[in-house]
Amino acid sequence: MVKSAKELYAERQKRINDAIALKEPDRVPIAPLDNGWSLKYAGLSWIDGLYDPEKALKAEKKAVTELNWDAFMVSAAGPMFPGKAFDRLDLKQMIWPGAEKEENRVKVNGSYQFIEPGSRGKYDQMPAEDYDLFLDDPSDYIIRRWLPRIAKNLEPLKNISPLHLANSVYGFGPLFGNPDFIKVLKVMLEASEEYSKAMAPIAPYVMEMTQLGFPPLFMGMGWSPYDYLADFMRGTEGCMIDMFRRPEKLKEAIKKVTPYCIEWSLMTAMPFKDLCKVVFIPVHKGAGGFMSNEQYEEFWWPSMREVMMALIDEGFIPYLYSEGIYTERLPIIKDIPKGKAIYHIESDIFKAKKILGDTVCLTGGPTATMMNIGTPKQVEEYTKRLIDEVGQGGGFIMDVEVPLITARIENVEAMTKTVMEYGVY
Amino acid sequence: MTDDMVKSLSDLKEEEVLSIVKDRLDAGGDPMKVLDDCRTAMGIVGERYEKEEYFIPHLVYSGEILKEILEMVKPKLAEGEGLERSGKVIIGTVAGDIHDIGKNIVTFMLDANGFDVRDIGVDVPPEQFVKEIKEFEPEVVGLSGFLTISFDSMKETIEAINKAGLRDKVKIMIGGGTLDDSLVKYTGADAFRRFAGGAVALAKEWIGGK
């Protein structure tokens, strides 16, 4: 008997929920992080995805439905990264394929990339001297000092009067009467229109996919408070140096942004609460080597845990997506309620199973080189090993070591087939 | 006094070491001796990194302190004076990729070990590698990458080096977070090393007692 989409939806959702709850599902669920791979699968390019997000969603639908994965995601190569809006802003924080200006373009028609603050002369990092300004009034800092740095066409924001003076018509004059304000509003209007056009297909897409029988893996998104500063403002090296030169300022700033990271996660996750509980948190600057365990416990982990606990308290499941080597952190990040979180572990996932297997659901999979230059046979064998060892007793969702992006199609198919056949409990 | 400087720099005591250097230079001390001590101290920093007592933040911070010391020393040096270096290495992140943390660590470690390193940056197209190799004439070329797209860029870069007739003049090492040994054959490189220490040992092996 052919199962209805509704039945399939329930089956897939249960499979994932069981894995999260550390129970043994009927089969190992599979939901690889795609990051633009479906564009390749559909014969499209990154420019297609960033400049016509509907194409990215169609490509993703094609991949997920044809490969019969257990969950879908809203493409990271599409609606949330609208090339046209970036062009209107003349964004300096990233480079991406197809950008109008050559200086904003990646040389290869592949993934966009973030520019490290202060590097390549694209935009200045937040200087250490700015900590007090930021701490005193983060919103004003972001509006009048930060946005002008990361987007060329928002530079006139430097010259507008602070919004906290606009508490009456007496403050309106200096604000509204400023020609720079008009300039910047025009840019914002154009960018906003492009953003809303790009994001408009998301809701219908989510609806369509659920009706086809596929639940979303995650909907909301969160951030680590340390990474809020290290990824985007002070920069990786800036925060590293702050740990030595001004540890108290760094801690104060982390404390300041922790509620913002919670606010952000809840803001993005709440609208979908009935549909999906998982909140995706990609984490970067606490990886192995990026600091000592002592620094990790002093600067990185406590605020991250606070964000995760706030989400768990609201009934959400934080999905900590770590990259790089995380082996030495495993005992530290074990300090989280059982069955209430998902951790992506790149290296070493087998060891992670031993240490974290009774605490959190793990995701991970075949290595980057295996997926990109290996053979389907190699992928099949490694996938079996993952199922045997990491999938043992449940608590595992098959993913890949690093997002698929450029992976060979036949290798993704081999991984999928192996899970479907060999992954049955 | 010498030992104090080496110790305070390798222990990352910024204020302490800067004041020692200032006192020494003010007292007419030999600036070359200061540079020598810097090298000894940075060697210790590198060793501690290898032993996982230090991590990337410690390397970055020691580099910051070193910069300040060099600023103080520079005006005291005679024209052309500086540390002797042996063995030339060109290093860069390949086309399509702008990740540079790994590359910077390897550069730092090679530099601390006395190599003459030319870091040619990120998102470097194959033809630029070729041009820089012709100009700088290194014994070793390091290709860095993090994104999976870098796998093919490395292959193309090595093909370009081949085509330019430079392949037998250089040894090529590759490295990066998502790489492993299987990429050596795929890209046509000579070797892969996962960590910076391995890259330094390999460069020493290749360049030998020069």
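Among what covers the buried residues of helix 10 of chain A is helix 4 (53-67) of chain A, where contact means C-beta atoms, placed from the backbone, within 7 Å. Helices (H or I, at least four residues) and strands (E, at least two) are DSSP runs numbered from the N terminus. This is a predicted model: local features need pLDDT of at least 70, side-chain atom pairs count only at pLDDT 80 or more, and totals for chains, interfaces and linings use all residues. Residues are numbered from 1 along each chain as its sequence is written, with chains lettered from A and ligands numbered from 1 in the order written.

Buried takes 20 or more other C-beta atoms within 10 Å of a residue's own, exposed 12 or fewer.

| Side of helix 10 (202-211), chain A | Residues |
|---|---|
| Buried | Tyr205(A), Val206(A), Met209(A) |
| Exposed, turned away from the buried side | Ala203(A), Pro204(A), Met207(A), Gln211(A) |

The buried residues of helix 10 of chain A fall within an arc of 100 degrees seen down its axis, so they line one face; the arc uses directions from the axis to the C-beta atoms. Just after this helix, Gly213(A) takes a positive phi of about 105 degrees.

Chain A also has an open sheet of six strands, order 3-4-5-6-7-8, with parallel pairing (at least two DSSP bridges per pair). Its edge strands, strand 3 (220-221) and strand 8 (396-398) of chain A, each pair on one side only. Three bridges join strand 5 (317-322) to strand 6 (342-344) of chain A, and Tyr321(A) stands opposite His344(A) in strand 6.

As for the two chains, the contact takes 26 residues from chain A and 24 from chain B. Helix 4 of chain B gives the largest share of the chain B side, five residues.
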